[in-house]
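Here is a friendly walk through the model on your screen. Have a look at it first, and then we can go through its parts together.

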Amino acid sequence: MIAKPVEHMLNERQDHFLIPAEIVANVQETNHLDHAFLVLTKVRYSKIPVLDNEQHFKGLLSLPMITETMLGMNGIDATKLSRKTVGDVMEKNAPTITLPYDFEEILHMLVNQPFLIVVNQDGVFTGIVTRREVMKSFNYVAHDLDKDYNVSEKDKDETTDGADAPKN
């Protein structure tokens, strides 16, 4: 459980977490893989969101997913990329979050993910929350907690609920 003062300070910075959809590179599930290969190569991200024509989140795409398609018995065949779509190779069961954020959930999920997809209640892609942005907010809390709150060390008896307290 997150300490209440820390949770409060993080809640105040919640708007800093979201990188809006308008500035996040993405591809459409109907795009051919040659187009997606170019996008991923240019943006240099490990994965990007895949959307449908109505901006609903459908999955994630990475370069390894694309390059796996090009591998053949006799080497690399890049012509296969124009015959397959993003929807054929994308990761379809990627975790998503919705507003308002549950910080505990985000923290647990970001342990294994560099970013989380944010969707609204209709599944429309609204942006991403990155591990980097959350870490920047924790940095803020670590440096400013004592500016807003009185922080003091508890007695050992208080932190152990008396388990180590001397017996009379």
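## The aromatic pair

Rings of Phe, Tyr and Trp (its six-membered ring) pair if their centres lie within 6.5 Å; planes under 30 degrees apart count as stacked, over 60 as edge-to-face and the rest as tilted. By this rule there is one aromatic pair. Phe 17 and Phe 103 form it edge-to-face, at 5.5 Å centre to centre with 85 degrees between the planes. Phe 17 belongs to helix α2 (residues 14–17) and Phe 103 to helix α6, so the pair ties together parts 86 residues apart in sequence.

A word on the ground rules: this is a predicted model, in which local features need pLDDT of at least 70 and side-chain atom pairs count only at pLDDT 80 or more, while totals for chains, interfaces and linings use all residues. Residues are numbered from 1 along each chain as its sequence is written, and side-chain values use heavy atoms, with hydrogens and water left out.

## The sheet

Helices (H or I, at least four residues) and strands (E, at least two) are DSSP runs, numbered from the N terminus; two strands pair if DSSP finds at least two bridges between them. Three strands make an open sheet of mixed pairing, in the order β2-β3-β4. Its edge strands, β2 (27–28) and β4 (57–62), each pair on one side only.

β2 and β3 (residues 47–51) run parallel, joined by two bridges. Val 27 has Val 50 in β3 as its bridge partner.

Helix α3 (residues 33–43) lies across β2, β3 and β4, at about 140 degrees to β3. Axes here are lines fitted to C-alpha atoms, for helices over the stretch in contact (heavy atoms within 4.5 Å), and angles run from 0 to 180 degrees between N-to-C directions.

The axes of α3 and helix α4 (residues 63–70) come within 10 Å and cross at roughly 140 degrees. Among the residues that meet are Phe 37 and Leu 40 in α3, and Ile 66 and Met 70 in α4. The contact of α3 with α4 has seven nonpolar, three polar and no charged residues (Ala, Val, Leu, Ile, Met, Phe, Trp, Tyr, Cys and Pro count as nonpolar, Asp, Glu, Lys and Arg as charged, and the others, Gly among them, as polar).

## Helices α6 and α7

The axes of helix α6 (residues 103–110) and helix α7 (residues 131–148) come within 11 Å, crossing at roughly 125 degrees. Ile 106, Leu 107 and Leu 110 in α6 meet Arg 131, Val 134 and Phe 138 in α7. By class, five residues of this contact are nonpolar, none polar and one charged.
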